[in-house]
There are 4 protein chains.
Amino acid sequence: MAMIGGGRDAFIGAIHRIAINMDGQVDIVAGALSVNPEIATASGHDIFLNEERIYTDYKTMLEKEAAMPQDKRIDFVSIVTPNFVHFDPAMMALEKGFHVAIEKPMTFTLDEAKKLKSKVEQTGLTLLLTHTYTGYPMVKQARQMIKSGMFGKIRKVYVEYPQGWLSTFLEGSNNKQAAWRTDPKRSGIAGAMGDIGTHAFNMAEYVTGAKVTKLCADLNIMVEGRLLDDDGAAFLKFDNGASGVLMASQIAAGEENCIKIRVYGEKGGLEWKQEDANTLLVRWLDKPAEIYRAGTGYVNSYASHNARTPAGHPEGYLEAFANLYRNFVLTVRAKTNGEKPKDEWLDFPGPESGVRGMAFIENVVASGKSDKKWTDFIV
Amino acid sequence: MAMIGGGRDAFIGAIHRIAINMDGQVDIVAGALSVNPEIATASGHDIFLNEERIYTDYKTMLEKEAAMPQDKRIDFVSIVTPNFVHFDPAMMALEKGFHVAIEKPMTFTLDEAKKLKSKVEQTGLTLLLTHTYTGYPMVKQARQMIKSGMFGKIRKVYVEYPQGWLSTFLEGSNNKQAAWRTDPKRSGIAGAMGDIGTHAFNMAEYVTGAKVTKLCADLNIMVEGRLLDDDGAAFLKFDNGASGVLMASQIAAGEENCIKIRVYGEKGGLEWKQEDANTLLVRWLDKPAEIYRAGTGYVNSYASHNARTPAGHPEGYLEAFANLYRNFVLTVRAKTNGEKPKDEWLDFPGPESGVRGMAFIENVVASGKSDKKWTDFIV
Amino acid sequence: MAMIGGGRDAFIGAIHRIAINMDGQVDIVAGALSVNPEIATASGHDIFLNEERIYTDYKTMLEKEAAMPQDKRIDFVSIVTPNFVHFDPAMMALEKGFHVAIEKPMTFTLDEAKKLKSKVEQTGLTLLLTHTYTGYPMVKQARQMIKSGMFGKIRKVYVEYPQGWLSTFLEGSNNKQAAWRTDPKRSGIAGAMGDIGTHAFNMAEYVTGAKVTKLCADLNIMVEGRLLDDDGAAFLKFDNGASGVLMASQIAAGEENCIKIRVYGEKGGLEWKQEDANTLLVRWLDKPAEIYRAGTGYVNSYASHNARTPAGHPEGYLEAFANLYRNFVLTVRAKTNGEKPKDEWLDFPGPESGVRGMAFIENVVASGKSDKKWTDFIV
Amino acid sequence: MAMIGGGRDAFIGAIHRIAINMDGQVDIVAGALSVNPEIATASGHDIFLNEERIYTDYKTMLEKEAAMPQDKRIDFVSIVTPNFVHFDPAMMALEKGFHVAIEKPMTFTLDEAKKLKSKVEQTGLTLLLTHTYTGYPMVKQARQMIKSGMFGKIRKVYVEYPQGWLSTFLEGSNNKQAAWRTDPKRSGIAGAMGDIGTHAFNMAEYVTGAKVTKLCADLNIMVEGRLLDDDGAAFLKFDNGASGVLMASQIAAGEENCIKIRVYGEKGGLEWKQEDANTLLVRWLDKPAEIYRAGTGYVNSYASHNARTPAGHPEGYLEAFANLYRNFVLTVRAKTNGEKPKDEWLDFPGPESGVRGMAFIENVVASGKSDKKWTDFIV
């Protein structure tokens, strides 16, 4: 496979590579790692690319790789550039016949997202959107438990993603990560809501299996001089009658990265949080709460498929990330071989999640600006 | 002192008595514990009242006690009846010259609350409103730390109170607690928001020292047949520029009673929750979080005044409740003796909290019905 | 009732009084609170004793109270003096016909403990030994669950009690609590093992229902100049074939008071710790662990009898302490009335626990000095 | 590199491969993955080995690889066979000039361990012993904090490793992992103490920087029919005057894999456990405890070198494992290039840890059989 973006000066590219390497099923053989030729070359050497497959320009790379014989050329690309450089390389890769993995949010606008989804459907190729957190085994356990109906009708969802790293005007100092994420030209119309609110939204829809139908948002810019929201919350209404509260903040000083979801049904509910990722807390109306643990013998097939070690060996963010790639690769390989992928393999975020994520961004920003309480969730 | 309400068939009265007895500073000598004569008598015997001071009617009791010589008659009454029987006995007690302790919410309507507050001011007597949770030592520690400015300007408040006990239509079975709390005639215009939302609201204003200026609420009735909200959330705006999210639910199946608050300022923040009541978690932007513990040598004078044991001996809900009474009694006794109560003693909820609590109920219900996003917080 | 010891300058006496007062069932009417007349008087005034029932000498008090008419005189005494002043007042109180509550360890020596036990049996009176920690509802839940056999044969016990408050030579400064506890003349032959090791030992035998038959101890004095052990551990063998490890330290710097027990049987086990006292963690070989919570509807009759509030209202150390007195008083009252006390009432520590506690002290100190690995547990 | 053992039917081999692959710095190009030719071949195909480098016999592999030109042949081998097949392949690999990574315990006997250590010293090659748990960033943070003296003299160590998976006679059913671990012929003279006690011992010496000088052990076989200890504990004395308690059990029903260490010095101490691996709890005598977190800006260079993501992205067992390989590879590469490895790179367990681990096994078993309390720790 080949990577677009993710050179030495980037953050998420290195994470993708660890996730790709972990299971020893994929080789990274090409890369357009940076538009800066020096960085591109040095970054390529870092990861042992052959000189001739180090590119500074994804277009050239896609052209050249597409021209190679099938057994030599790449199978898929991973796009790990800032948001405004997602759509074009993804479209071109699909057109050239490559499968695509892509950082979230999928595109810069909702319109692009819909076009990309159509292209995927039209080509029959596979697209992975790296909403990492749904890759955790106990998140998968949660989704299946709710799906089974064991909690009765779902009534309430609390989902939150508090961070503190943008508590100061970091974009004013020399912080590349802060700079592009707070810049409307590179990040899009949303700040915190785009960067982490989308993860919370995706988590809520994934775990409950329900769809948001309307929302009411309060978006804030708390740090002076900032151009995009760095804090916000939204009330949610779901198509199954449940209501929810979504909270996302990047000015929650001292918080790290603890995305957390709580869901309540008629008979009980569950709670998962990244800080204790191998645990799923299951509550009941009238009996003791239960602690489900990853890697045990009693979890369902989705949870056990996505764990690599027995219970008690903590697996974390990188394994969750690797699960996305592993399922994507298992699916692509099965399809390539004309086999039917297992349901557990197919359970990774794709174009539909990408479109809904972009719709969330557009709707939550519209609601944030509106004087009306409720905004319909329009896709 | 004497108690109004709180007979054998009640819940909160017994809690008040434990809180009153704990420190051995107050004798319960009279009571109008029930309007049912049999229950009143039996309940009076349970707590060793003299036969002649067991009443079935608070009016008679207040008349008779007021007629006794000063060294024999009661000093104060505790009113622990359902919400719709708060205002009248409180007014009468004040008029007869007795101090008053009263369960929250203070009255049935905001209008009553304002009248009661005026009466307190006019009489110079002392009124305690039992917002229990602000009686915890680490909640007091939190308030003082924020007041000191050590976290910089406060930006964000999350306060939540999830319960699950009303997940079923309990008022349809023979549950007295559920019955009056879900009945608009006895509880007032709000259900969950009146019962526990007011606690969350009071906690947010107490800990931050800021006042809510507007809010946007989503109130829900999730259990079929119920007459009042059993779930809700509100966005808050504070007079110091902070924003907040308040969540209160009684259909969060499996949740017990874990009121929790998180506050974030420019430099750090803090977190407290009832389930781990002796701990205050203090977070910082750029150094390790700290675990402040009740009963230690390093906590402030407000926290240490409100603890009875050294660190590591967990104190809980009943001690927090007893702290309210202890401070109320210390204050009353000091005033009676013509002494100036210490600041630590004066730190208990009174008529101002009661008025703001009733205003919260009226405003949050109004916002819940409104199509407009924001409702000004009117007192 | 009357109190012996527990004046203004003491610690544990005030705790006993809160425990006694909490449930409003007992009046403290007399006291020999200090041998220092000034302190005795001031302390008596603090707790509203009548002048004529403030004593400076427990012998006089017991004589005078015994001479009063039955409906005026005290029912029982609480002995809250340092260890070396336990036996004499307890014997005299029993001889005068008073029930006795007594701080642990029960006596100064094992021999005294056996004599006191005989006296209790001979008089038919009731003795309470305040091993507080077995008063917690979830400790009672634990004992009954193990007794039911649901975990199969018990195999392993870990019990620990780490404190840090004696990490410095506190007895060298003006600390009364440290001074007597580290003084062989007032505390006895053991330091940490007597003060907190006995609690851990009592907890292990109480929860498992098994008896220690031999042990192997490593006792240490870690702070220079100290006269008694401030740290230690012991391997235990129980009469049911289980083995155990007991750890008690007062130099575990930064630790507060977190006594904790873990028990493992063939099919599962459980864990309880004071820092999270309302929770009992129940583990299973092949299914999710369960979180049992105090105050819920599903706990057993022993746990629910010993809770005052519904689930989610944390009860702590003072309530556990009050449970001991409450059960003692319920038992004494039933016996006095010629009624059979309920099993749940009888479940408080008495002379047998006192004898075994003193035997633990003598055996653990003997083992600590021995070169042989195992010392038989001799009573 | 090449792997010896670790075929399809093994457990730990797959873990090693994930650890090796994660950072994309090493290619697995050869393997003697099983002595069963079918399994060897299938396992080789699983990991994409070239047909000619799939071996069924490590001797042939080492011969053939050693005969290849330097730029083609392997650099190092990983030995992931049961304990009784560690020494021979390790010695041969070293003799052929290959660096060696080896599962713990290093050998079958102490004598072998000493010989292997000598061989490493004599050849100048590098040996990694995979004591995984010291690869966690917060364990490294702990070691450096203690080394700095900030806690004063270390006094007490509690280290524990409770597991429950051998609570039944698993070796009687068809469980390969249980079978060899409980078989003296393949595992050695110790069961639980060899399998997990060694990890606890290594953790205690690593974190404190002190050496055990004598011990007193209680070893038990709790499951009928088992041939080796499945439970045990030991008192430890360290060369710096500290004492300790080590607990290791495989019959702690319901426990997973939560190795935990607590260390106390004169001024404070620390606590780390695998279940919350990204946190180091630091306690102080007279100020709030602190929560140190992996990936933050304030941790030391050892902790930050061994983390791959910013704070809040949990890293777990596989990353800790990968840290061992990463440091081993950085060291080997530096030495190969004639450069001086950084101190942070050299911080991985090697032959000295292996020798002490085997000495622990021999000494703890000897003590377990002895009637004397203390056994000198002889290497």
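How do α4(A) and α5(A) lie relative to each other, roughly parallel or roughly perpendicular? The coordinates come from a predicted model, in which local features need pLDDT of at least 70, side-chain atom pairs count only at pLDDT 80 or more, and totals for chains, interfaces and linings use all residues. Residues are numbered from 1 along each chain as its sequence is written, while chains are lettered from A and ligands numbered from 1 in the order in which they are written.

The model has an ipTM of 0.96 and a pTM of 0.97. In chain A the mean pLDDT (the predictor's confidence in each residue, from 0 to 100) is 97, and 100% of the residues reach 70 or more.

The opening question concerns two helices of chain A. Helices (H or I, at least four residues) and strands (E, at least two) are DSSP runs, numbered from the N terminus. Helix α4 of chain A spans residues 87-95 and helix α5 of chain A spans residues 110-123; the two pack at an angle of about 10 degrees, with their axes 10 Å apart. The axes are lines fitted to C-alpha atoms, for helices over the stretch in contact, and angles run from 0 to 180 degrees between N-to-C directions. α4(A) and α5(A) are therefore roughly parallel to each other; angles under 35 degrees count as roughly parallel, over 145 as roughly antiparallel, 65 to 115 as roughly perpendicular and the rest as oblique. The crossing of α4(A) and α5(A) is left-handed, a term used if the near helix is turned anticlockwise from the far one by less than a right angle, with clockwise giving right-handed.

From α4(A), the residues F87(A), A90(A), M91(A) and L94(A) meet E112(A), L116(A), K119(A), V120(A) and T123(A) of α5(A). Residues are in contact if their C-beta atoms, placed from the backbone, lie within 7 Å. By class, this contact of α4(A) with α5(A) has six nonpolar, one polar and two charged residues. Here Ala, Val, Leu, Ile, Met, Phe, Trp, Tyr, Cys and Pro count as nonpolar, Asp, Glu, Lys and Arg as charged, and the others, Gly among them, as polar.

Chain D has its own α4 and α5, packed at an angle of about 10 degrees with axes 10 Å apart. Their crossing is left-handed.

Next comes the contact between chains A and B, to which chain A gives 35 residues and chain B gives 35 residues. On the side of chain A, the elements that give two or more residues are β7, β8, β9, β10, β11, β12 and β13 of chain A. The largest share, four residues, comes from β10(A). This side of chain A has 14 nonpolar, ten polar and eleven charged residues.

Chain A can be laid on chain B by a turn of 180 degrees and a shift of 0.0 Å along the axis, with an RMSD of 0.0 Å. The two copies are thus related as by a two-fold rotation axis. Copies are superposed by least squares on the C-alpha atoms of residues with pLDDT of at least 70 in both. Of the residues of chain A, K373(A) comes closest to this axis, at 2.0 Å (C-alpha). The same surface serves both copies, as 100% of the contact residues of chain A recur in chain B.

Chain A also touches chain D, with 26 residues of chain D in contact with 25 residues of chain A. On the side of chain D, α1 (12-21) and α11 (317-336) give two or more residues, and α1(D) gives the most, with four residues.

Methods: Two residues are in contact if their C-beta atoms, placed from the backbone, lie within 7 Å.
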